[in-house]
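Here's a walk through one protein model, taken a piece at a time. Have the structure open and follow along.

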Amino acid sequence: MLTGYRLLADSFHAFAILYLLFNIWRTKSCFGVSGKTQILYVTVFATRYADLVTFPETYSVYNVLMKTLFISATLVTVLLMHSIYRKTYDRENDTFYNEILILPCFVTALFVNYRMEPFEILWAFSIFLEAVAILPQMDLICKTFHVEPWFKCYLLLLGSYRALYILHWIDRYRQYGLYDPLAFIAGGVQTVLFVLLALRIATLKHRERIVTVSTICYRYLDLVTTFISVYNTFMKLVFISTAVATIYLMYVKFKATYDHNHDSFRIEFLLVPCFLLALLINNAFTPLEILWTFSIYLEAVAILPQLFLVSKTGEAESITSHYLFALGSYRALYLLNWIYRYYAEGHYDLIAIFAGAIQTILYCDFFYLYITKVLKGKKLQLPA
């Protein structure tokens with residue numbers, strides 16, 4: 001089903017592949033590019049589009065051209081890296097074992113598929129493999145700590161392609177009630193990996209604010225599909241825009257004042273478990289519901305990097321203390337709102353209540369210090 005989102009996603013994907021190929025040719029070098037990841041992508045396309053040899057009647061010229069482009073362009077990239085430009089290929093650092101990804105994905109495809117047929121198994125295998133194909137590239141970047149500017153653009157295009165496909169799936173579900181659990185789960189895993197890669201490349205250190213922005217953006221994705229009220233839309237836009245603006249100010253304008261040495265919490269330890277938990281425990285297994293649930297779980301623990309920073313420095317400025325107290329108060333007031341709704345309307349959401357309770361508990365110790373010190377005009381300092 002060719003929608004606007006899918007057409008745009010395919011365009012980004014095709015441009016990313018051609019952009020990579022062009023820049024390898026332009027610079028006469030493939031340094032920094034993981035040949036292991038490119039081999040995995042060739043495997044993904046070859047297995048996913050294996051039915052090209054049968055040329056089903058449902059295929060269109062667009063479909064055939066795009067599939068042929070993906071296979072041929074990626075294959076040419078691999079050949080260039082291992083032939084003409086092999087001297088520039090960083091074999092010493094690109095040592096990820098592809099077998100660790102290929103074998104589990106294939107075994108999973110044998111058991112988790114829609115039909116026990118050759119093409120269906122190959123399709124499922126390609127879906128699972130694409131989700132993790134970026135891992136060798138991530139491993140290479142972590143080893144070399146170097147990414148060419150043009151390669152960042154390539155990764156941005158790849159990530160955008162996946163993000164647009166998620167919007168395509170949401171649109172399909174909203175309009176036709178169609179969704180593909182395998183593709184959605186694999187796409188979600190792939191998106192998380194790209195987010196982690198982007199954070200690694202950008203060396204973003206603003207941990208708590210990044211987690212907060214992720215929480216808000218995922219929770220309010222329904223802005224593009226549903227209008228509830230002017231108030232609802234306005235507040236969602238305020239939350240998203242101000243959180244993004246804060247990140248911008250910290251990372252760009254006031255970068256020199258940021259304490260990146262102490263703000264070293266690994267937010268991967270929050271993002272990945274929360275997403276996996278959202279896949280397992282949700283109110284409905286639909287794209288928007290899973291993303292909403294993910295945002296609920298993530299918000300519950302999003303304050304941990306900030307508390308971690310305070311614990312490492314041993315103190316917090318008054319303005320930071322007031323900010324944290326206001327955040328904690330917001331959550332406490334929401335608990336009162338849920339209690340009121342339960343008694344007045346008989347409505348309750350166990351996921352939101354559970355996550356909200358955890359979030360409130362995380363603030364409790366800070367509340368005590370705030371009341372006993374900050375409100376008395378003292379600086380918030382942790383006990384020695």
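Predicted model: local features only at pLDDT ≥ 70, side-chain atom pairs only at ≥ 80, totals over all residues.

Residues are numbered from 1 along each chain as its sequence is written, and side-chain values use heavy atoms, with hydrogens and water left out.

Take α5, residues 118-132; helices here are DSSP runs of H or I with at least four residues, numbered from the N terminus. Eleven of its 15 residues are buried, meaning under 20% relative accessible area with a 1.4 Å probe, protein chains only. Among them are E120, S126 and E130.

Now bring in α4, residues 99-111. Its axis comes within 8 Å of that of α5, and the two cross at roughly 140° (axes are lines fitted to C-alpha atoms over the stretch in contact, with angles from 0 to 180 degrees between N-to-C directions).

Which residues of α4 meet α5? L101, I102, C105, F106, T108, A109 and L110 do, against I121, A124, F125, F128, L129 and V132 in α5, where contact means heavy atoms within 4.5 Å.

Lastly, look at K28, in the loop between α1 (4-27) and α2 (35-48). K28 has a positive phi of about 55° although it is not a glycine. At 44% relative accessibility K28 counts as partly exposed, the class between buried and exposed (over 50%).

Notes:
Expected span 1.5 Å × (residues − 1).
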